[in-house]
Amino acid sequence: FVSLFYLLLDWESLAAFVLRFVPAPAQPRAKFLARSVHHLLGQYLRGQFILILFVASISFVALQFLFHLPFSLPLALATGLLETIPLVGPVIAAGIASIVALSRGGTNLAIAVIAFYTILRQLEDLFVAPNVLGRAVHVHPLAAIFAVLAGEVLAGPLGLVLGVPAAAAVKVILDVVQAPITPEPSPPPVQTGAIRAWSDGEGKN
């Protein structure tokens, strides 16, 4: 997540470096592809921010008004941020909240908090994340779910994060390869005959 943020910040310099090795005839298509991928990654990052805000908001409402836990706001913010860490992040967030619940209301409250975090995680994985991230990068929610599952099988926890943007990037590359790219218009030819006639007229004058 942080690496993606810095990648977007330095995208122009990185793209300029890569384009140095692209043959001149292919550069218009390569530039268009670079702009498309940059836009795609930006949309994916915005989708991640929306997910963080959603998880933090739902967590705050539940922890504050349903379970009446102290430090509900810091716990909710930590929950939202930890959602960006695959597998481990949600477990850490649930563990911290359950410890606070255990000290506040005992075992039953801690179990209830763990159950809430489990349900929230399942709802996010199955319904919220595919719709938010899929629509952000113009990928169908069902395709986003399959992309996450395939990413987990192929690359483990890292694939959970990169599955959706990788699928969207493949879609963008295929679209760019298949779509015709209009070359940049060349400057109009110089009217040598008109310039010569004008020069002759000036010389006679």
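A word on the source before we start. This is a predicted model, where local features need pLDDT of at least 70, side-chain atom pairs count only at pLDDT 80 or more, and totals for chains, interfaces and linings use all residues. Residues are numbered from 1 along each chain as its sequence is written, and side-chain values use heavy atoms, with hydrogens and water left out.

Let's begin with the salt bridges. In one of them, arginine 121 pairs with glutamate 83, and their closest N and O atoms are 2.4 Å apart. Arginine 121 sits in helix 6 (residues 107–136) and glutamate 83 in the loop between helix 4 (72–82) and helix 5, so this pair ties together parts that are 38 residues apart in sequence. When I say helix, I mean a DSSP run of H or I with at least four residues, numbered from the N terminus.

Are these two partners buried or exposed? Arginine 121 counts as buried at 19% relative accessibility, and glutamate 83 counts as buried at 13%. The cut-offs are under 20% relative accessible area for buried, over 50% for exposed, and partly exposed in between, with a 1.4 Å probe and protein chains only.

Arginine 121 also forms a salt bridge with aspartate 125, with 3.2 Å between the closest N and O atoms. Those two are four residues apart in helix 6, so about one helical turn separates them. Aspartate 125 is partly exposed, at 34%.

Over in helix 8 (residues 157–178), aspartate 175 and lysine 171 are likewise four residues apart, which means a separation of about one helical turn. Their salt bridge has its closest N and O atoms 3.4 Å apart. Aspartate 175 is partly exposed at 38%, and lysine 171 is partly exposed at 39%. As for shared partners, salt bridges join Glu83, Arg121, Glu124 and Asp125 into one network.

Serine 98 is buried, with a relative accessible area of 11%. What lies 2.8 Å from a polar atom of its side chain? That is the backbone oxygen of glycine 95. Setting aside residues up to four places away in sequence, serine 98 touches Ala110, Val113 and Ile114; contact here means heavy atoms within 4.5 Å.

Beyond its neighbours within four places in sequence, valine 100 is in contact with Pro70 and Leu75. From valine 100 to alanine 110 is 10 residues in sequence and 7.8 Å in space, C-alpha to C-alpha.

On a 1 Å grid over the protein atoms alone, a pocket is an open set of points with protein on both sides within 12 Å along at least five of seven lines, and lining residues have an atom within 4 Å of a point. Its lining includes Trp11, Leu14 and Val37. Helix 2 (11–19) and helix 3 (27–66) are the elements giving two or more residues to that lining, and helix 2 gives the most, with five. Which classes make up the lining? There are 10 nonpolar residues, no polar and no charged ones, where nonpolar covers Ala, Val, Leu, Ile, Met, Phe, Trp, Tyr, Cys and Pro, charged covers Asp, Glu, Lys and Arg, and the others, Gly among them, are polar.

Note on methods:
On a 1 Å grid over the protein atoms alone, a cavity is a set of points where a 1.4 Å probe fits but cannot get out, and a pocket is an open set with protein on both sides within 12 Å along at least five of seven lines; lining residues have an atom within 4 Å of a point. A polar contact is a pair of N or O atoms within 3.5 Å; within protein, one must be able to donate a hydrogen and the other to accept it, and residues adjacent in sequence count only if both atoms are side-chain atoms. A salt bridge is a side-chain nitrogen of Lys or Arg within 4 Å of a carboxyl oxygen of Asp or Glu.
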